[in-house]
Amino acid sequence: MTCREAERLVMPYINGSITDEELEEFLNHIEHCENCREELEIYFTVDVGIRQLDEGTGSYNIQGALETALELSRQRIHTLKLLQTARYAVNTLCFWALLMALILQFRLWGQSGFLGL
C-alpha cells in the first residue's frame, strides 16, 4: 500500500467504514510508515476530541484511545484469519468425507451386483 492510499483510508478507518481487506493493508502500512501514522494520529485526535466535546464525555486520553482502536483492529484481522483457516479446514474435511462416502457406496454397489460388475 502506498502512502497516498493509506492517507485516503484514514477517515474511513476512523469512521469504521473500511473493508477488512483494506484494514489489514492499512494496519501493516501504519505500523511501518511514520508519516502515515502521524497523519492518523492527527485526524484521530481531532475526530475523537470533537466527539468527546460534543457529548461531554470521555477520558480525554486520545492517544490511549487510538492505541485501543488499533489493537481492536489487529484482533479483528487475527480473528478473521482464524475463521478463514477454520473454514478451509472444514471444507477440506467435508470434501474428503464426501469422497470416502462415494467410494464406499460404489464399493457396496459393486459387491451387491447393483452396478453390473
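A search of the whole structure, which is a predicted model, finds 0 disulfides, a disulfide being defined as a pair of cysteine sulfur atoms within 2.5 Å. Cys 33 takes part in no disulfide, and the nearest cysteine sulfur, that of Cys 3, lies 3.6 Å away. Cys 36 is likewise in no disulfide, its nearest cysteine sulfur being that of Cys 33, at 3.6 Å. Cys 33 is buried, with a relative accessible area of 13%, and Cys 36 is buried at 1%, where buried stands for under 20% relative accessible area, exposed for over 50% and partly exposed for values in between (1.4 Å probe, protein chains only).

Residues 3-37 are listed by UniProt, in an unreviewed entry, as "domain: Putative zinc-finger"; UniProt positions follow the numbering used here, feature names are shortened, and annotations may be inferred rather than shown by experiment. Over residues 3-37 the chain is 83% helix and 0% strand, with the end C-alpha atoms 10 Å apart; helices (H or I, at least four residues) and strands (E, at least two) are DSSP runs numbered from the N terminus. The UniProt annotation "transmembrane region", also from an unreviewed entry, covers residues 88-109, over which the chain is 100% helix and 0% strand, and the end C-alpha atoms are 31 Å apart.

Arg 37 is placed in helix H4 (residues 34-55) and, at 17% relative accessibility, counts as buried. Apart from neighbours within four places in sequence, Arg 37 is in contact (heavy atoms within 4.5 Å) with Ile 30, Gln 63, Glu 67, Leu 70 and Arg 74.

The largest pocket holds about 200 Å³ of space. On a 1 Å grid over the protein atoms alone, a pocket is an open set of points where a 1.4 Å probe fits, with protein on both sides within 12 Å along at least five of seven lines, and lining residues have an atom within 4 Å of a point; the volume is the space filled by probe spheres set on the points. The lining consists of Asp 20, Glu 21, Glu 24, Ile 77, Leu 80, Lys 81, Leu 83, Gln 84 and Arg 87. By class, the lining has 3 nonpolar, 1 polar and 5 charged residues, with Ala, Val, Leu, Ile, Met, Phe, Trp, Tyr, Cys and Pro counted as nonpolar, Asp, Glu, Lys and Arg as charged, and the others as polar.

Residues are numbered from 1 along each chain as its sequence is written, and side-chain values use heavy atoms, with hydrogens and water left out. In this predicted model, local features need pLDDT of at least 70 and side-chain atom pairs count only at pLDDT 80 or more, whereas totals for chains, interfaces and linings use all residues.
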